[in-house]
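Hello,

I am handing over the structure below, followed by notes on what was found in it. Please keep it open while you read.

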Amino acid sequence: MSLRVLEGTTTLDFTFDDVLKYHGPGYPGGVAHGYTAMRVALPNLAPAVNRREVRVRTGFRGPGGRDAIEMVLRAVTEGQYTVTADLEKPERGVMLERYVWEFTYRGDVVTVQLRDDGFVVEEFIVLSRKPNRTDDEQAHLAQLKLEMTDRLLRREPQAVYEVV
């Protein structure tokens with residue numbers, strides 16, 4: 001299933017593969033997080049949002065998520081994309097605290113957060129935040145990213161992210 005948005009009066013559809021091609025191979029899990037968060041949030045704002053009118057705030061810091069938001073919503077270009085620790089939820093633990101996205105459209109706000117269902121594993125968090133990774137660690141991290149991407153995309157979006 002694709003994401004449908006408006007550019008003026010033109011309807012645009014974006015698949016995950018479209019967004020991944022835009023981003024490149026570096027952070028497929030981040031792309032999957034951004035894409036899935038939009039698939040849950042945007043239909044709660046309108047049947048099809050005008051993409052340049054959506055403001056996004058998130059605790060998610062990765063470039064894959066940013067690029068997903070940029071390709072579909074143009075929020076980075078429009079100056080409507082903010083990464084902020086204000087949305088982090090440390091009470092949810094290190095595995096979930098940053099996976100929060102807030103979308104605002106024409107005065108309506110929808111916030112989604114990652115469900116606690118093993119989508120992000122501790123090994124990924126530890127290794128992704130480790131400075132000076134070895135080549136073997138870098139290769140293992142790349143594999144962990146692909147595994148997370150698969151876990152996210154194999155489920156229905158509402159089983160991955162929940163509206164809060």
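How many aromatic pairs does the count come to? The model is a predicted one, and the count comes to 3 aromatic pairs.

One of these is formed by Phe16 and Tyr35: the ring centres are 6.0 Å apart and the planes stand at 70°, which is over 60 degrees, so the pair is edge-to-face. Phe16 belongs to helix H1 (residues 16-23) and Tyr35 to helix H2, so this pair ties together parts that are 19 residues apart in sequence. Phe16 counts as buried, with 11% relative accessibility. Tyr35 counts as buried too, at 2%.

Phe60 and Tyr99 also form an aromatic pair, a tilted one, with 5.4 Å from centre to centre and 50° between the planes. Phe60 sits in the loop between strand E3 (54-58) and helix H3 (63-73), while Tyr99 sits in the loop between strand E4 (81-83) and strand E5 (100-105), so the pair ties together parts that are 39 residues apart in sequence. Phe60 is buried at 8% relative accessibility, and Tyr99 is buried at 5%. Together with Trp101, Phe60 and Tyr99 form one aromatic cluster.

Next, the helix packing. Helix H2 (residues 28-45) packs with helix H5 (residues 135-153) at an angle of about 20°, their axes 7 Å apart. That angle makes H2 roughly parallel to H5, and the crossing is left-handed. On the H2 side, the residues in contact include Ala32, His33 and Thr36; those they meet in H5 include Leu146, Met148 and Leu152. The contact residues divide into 6 nonpolar, 4 polar and 1 charged.

Regards

Definitions and conventions:
Residues numbered from 1 in each chain as written. Predicted model: local features only at pLDDT ≥ 70, side-chain atom pairs only at ≥ 80, totals over all residues. Heavy atoms only, no water. Axes fitted to C-alpha atoms, helices over the stretch in contact; angles between N-to-C directions. Helix = DSSP H or I, 4+ residues; strand = E, 2+ residues; numbered from the N terminus. Parallel < 35°, antiparallel > 145°, perpendicular 65-115°, else oblique. Left-handed = near helix turned anticlockwise from the far one by under 90°. Contact = heavy atoms within 4.5 Å. Nonpolar A, V, L, I, M, F, W, Y, C, P; charged D, E, K, R; others polar. Phe/Tyr/Trp six-rings, centres within 6.5 Å; stacked < 30°, edge-to-face > 60°. Buried < 20%, exposed > 50% of the residue type's maximum accessible area, 1.4 Å probe, protein only.
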